[in-house]
Amino acid sequence: MNGDFHHILVGWLIDGSGSPARKNQVLHVRDGIISSITPFQAGDRPAPELATDLSHAVVVPPLIDAHVHLCMSGTIDRNFRKEQQEADCDRLRPVAKEHLRQLFSHGVLAVRDGGDRLGCLLGYESELIGQRVLVRRAGRAYYRQGRYGRLIGGRPVAGERLVVAYEQDGQPVDQVKVVNSGLNSLTDFGRQTQPQFSSTELGELVRLAHAQGRTVMVHANGCLPVREAVLAGCDSVEHGYFMGRENLALMADRGTFWVPTAYTMKAYGEAADRQPERVDRTVVQRTLEHQLEQLTVARQLGVRVALGTDAGSTGVLHGEAVVEEMKLLMRAGYRLEEALGSATAVNASLLGLDRQWGRLAPGRPAHFLVTRGTPAQLPRKLSYLEAIYRFGRPDPAYRR
Ligand SMILES: [Zn+2]
């Protein structure tokens, strides 16, 4: 079979690996798969009938968000949020669907969901088929009753062991979500909470989940909650505010992913005018700065930083939050290509999708986002995509 062979000229290629953008490249695509990537000079362009000309644009791999809540909206309206938090699965079905639409329109083609209170997402199989965003689901999260976590989970109940709760639930999840600390205080800088589970208790769950081919994502802020999670062998620490340098070094050693969700704090600050009684702006600002300092250290130590937004949290909108989080990584000293790498190759690896997603390289599908301009205009320009390509052709479902 001769197959479909064509060439795509791109002005700039950022391949997702973290290495610098390359100017004037040709993607050679056979049957939707990249066969090779070569530089081009003005004189040696491929025959026009075989070529797609994107020489005015930057091309990057599709974005992945490693932490979203599809059953929650990022609105700052507290009454609306409260109502949504109490809604049943039928009411939440169109909500999740709309969030997937928003993600797609921002070029976010895969997400890892961090859990919903009733495990609704696990029942939406038929709605998700036909959507163009791949979803990794956690179902109901696990938290210690009486502690923080009611909004996204239900067990274990008093006296029940974590691993037993997980085993008895038998949810058909892609990854397991555990809550192991409280929320960050928005009025008391750096306040820490106690772990909900010990590393022994968490470790039992991690071993069972890993044996079943599932990863474990742990919500943890503060030194002790993060330490217990990392020692237990969890795959990723979610948030990780105020975890401290020792934990970052431990995570670098063990290859634990960190999903810092820095934009959540910026969004709280932006919403503060609307809810002055609950948010101290100065505390929120200092907390954000502290998280960015931790990110700088993580970069020096070589921690695998995976980009997740916690979309659905107050003021954090599905889709557009990815660019906001990328900007914050760059404020902490990450180069554009590194910040993009966190949202592509690193996330593909965390989600177990790295054979197909995350990088533009020979042997991989020609899935990519097209944005007019130069790398200097990124990440801002990622909010105004020109096209989404799948298997080397524009996806007709994407309309600007
Ligand atoms: Zn979350």
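Modeller: Three residues supply the protein donors of the zinc ion: His 67 (NE2), His 69 (NE2) and Asp 310 (OD). They lie 2.1 to 2.3 Å from the zinc ion. A donor here is an N, O or S atom within 2.8 Å of the metal (3.2 Å for Na, K and Ca); water is not among the atoms, so sites may look incomplete. This is a predicted model, where local features need pLDDT of at least 70, side-chain atom pairs count only at pLDDT 80 or more, and totals for chains, interfaces and linings use all residues. Residues are numbered from 1 along each chain as its sequence is written, and side-chain values use heavy atoms, with hydrogens and water left out.

Along the chain, the zinc donors follow the spacing H-x1-H-x240-D. His 67 and Asp 310 link distant parts of the chain, 243 residues apart. His 67 sits in strand S5 (residues 63-68). Asp 310 sits in the loop between strand S14 (304-305) and helix H10 (321-331). Helices (H or I, at least four residues) and strands (E, at least two) are DSSP runs, numbered from the N terminus. Buried means under 20% relative accessible area, exposed over 50%, and partly exposed in between (1.4 Å probe, protein chains only). His 67 counts as buried because its relative accessibility is 0%. Asp 310, at 11%, counts as buried too.

Now the backbone. The peptide bond from Arg 155 to Pro 156 is cis, with omega near 0°. Pro 156 is in the loop between strand S9 (153-155) and helix H4 (162-169). The bond from Leu 378 to Pro 379 is also cis, with omega near 5°.

His 239 is not a glycine, yet its phi is positive, about 75°. It belongs to strand S12 (residues 236-239). His 239 is buried, with a relative accessible area of 6%.

Next, helix H7 (residues 245-254). Its buried residues are Asn 247, Leu 248, Leu 250 and Met 251. They cover an arc of only 160° around the axis, so they are on the same side of H7. The arc is that of the directions from the helix axis to the C-beta atoms. Arg 245, Glu 246 and Asp 253 are exposed on the other side of H7. The buried residues pack against helix H6 (223-231), S12, strand S13 (257-259) and helix H9 (281-301). Contact means heavy atoms within 4.5 Å. Just after H7, Gly 255 has a positive phi of about 75°.
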